[in-house]
Amino acid sequence: MNPTIELLKSHRSIRKFTDQKIPHELLVELIRAGQAAATSSHVQAYTVIHVKNPANRERIAELAGGQAYVASASDFLVFCADMKRPTEASERTGANVVRGMTEQLLVASVDTALMAQNVAIAAESEGLGICYIGGIRNNPQAVSDLLRLPEHVYPVFGMCLGYPDADPDVKPRLPVEAILKEDVYTDDSEQVAAFDDAMQRYYVERRGGNKDANWSKNLTPLFDSKLRAHMRDFLTQRGFEMK
């Protein structure tokens, strides 16, 4: 395999960082690499907030569920889906802009995710560690207020970046046979069962037998309740009316 594929396959979430700071010039280059990602119709519907204020970092760590590494990482970025910039640019040309469409929400969210993943890969190629922070959607309005996000902009997730002070194992993924299907969708329950066994072994080895879990069991909290049910009303209030 070539080095790029090996890098991609070696990804781990890093939650413990050294005190070494990322040079500002490198951080800017990571953002430029992010901008090189594919973007729907060249809309580039994203904005990245570099949160430098220590008090704000501490507050976001709290809002995200007590994730202390938000504050301790060298740098913390909030990736925002941004339909304010492109719609206003279009409006300035004299277009009769329609806002609040579901497709606009999808475009902005997908663009943001693609851009962020480019940043993540670029960071890891430089020896940095990263950790996505979806927990900012626990309290998206408070995060939006803290970052002064305007209408038609919402925080999708955060990202911790820094020099790793940990070396966790690469977490197994579903077998490719479960993910890659030919022509039509087919049942993959056998592959999932085998993957559950693999994840059970992984947790036993990684945690010294202290965790009795597998992939399917870990999904339970995500689907046995209405996870982040506030998001629909929040997005509507942001101007993403999902028409």
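Biologist: Hi! Is Q104 buried or exposed?
Modeller: Q104 counts as buried, because its relative accessibility is 16%. Buried means under 20% relative accessible area, exposed means over 50%, and partly exposed is in between, with a 1.4 Å probe and protein chains only.

Biologist: Where is Q104, and what does Q104 touch?
Modeller: Q104 is in helix α6, residues 102–125. Leaving out residues up to four places away in sequence, Q104 touches M83, V98 and R99. A contact here means heavy atoms within 4.5 Å.

Biologist: What kind of model is this, and how do the numbers work?
Modeller: This is a predicted model, where local features need pLDDT of at least 70, side-chain atom pairs count only at pLDDT 80 or more, and totals for chains, interfaces and linings use all residues. Residues are numbered from 1 along each chain as its sequence is written, and side-chain values use heavy atoms, with hydrogens and water left out.

Biologist: OK, zooming out. How many helices and strands are there?
Modeller: The protein has eleven helices and four strands. Those are DSSP runs numbered from the N terminus: helices are H or I with at least four residues, strands are E with at least two.

Biologist: And how much of the protein is buried?
Modeller: Buried residues make up 37% of the 243 residues. As for contacts between residues at least 6 apart in sequence, 79% join residues at least 24 apart.

Biologist: New topic: how many disulfides are there?
Modeller: The count is zero, where a disulfide is a pair of cysteine sulfur atoms within 2.5 Å.

Biologist: Where do they sit?
Modeller: H152 is in the loop between α7 (140–147) and β4 (153–162), and counts as buried at 13% relative accessibility. D183 is in the loop between α8 (176–179) and α9 (189–206), and counts as exposed at 82%.
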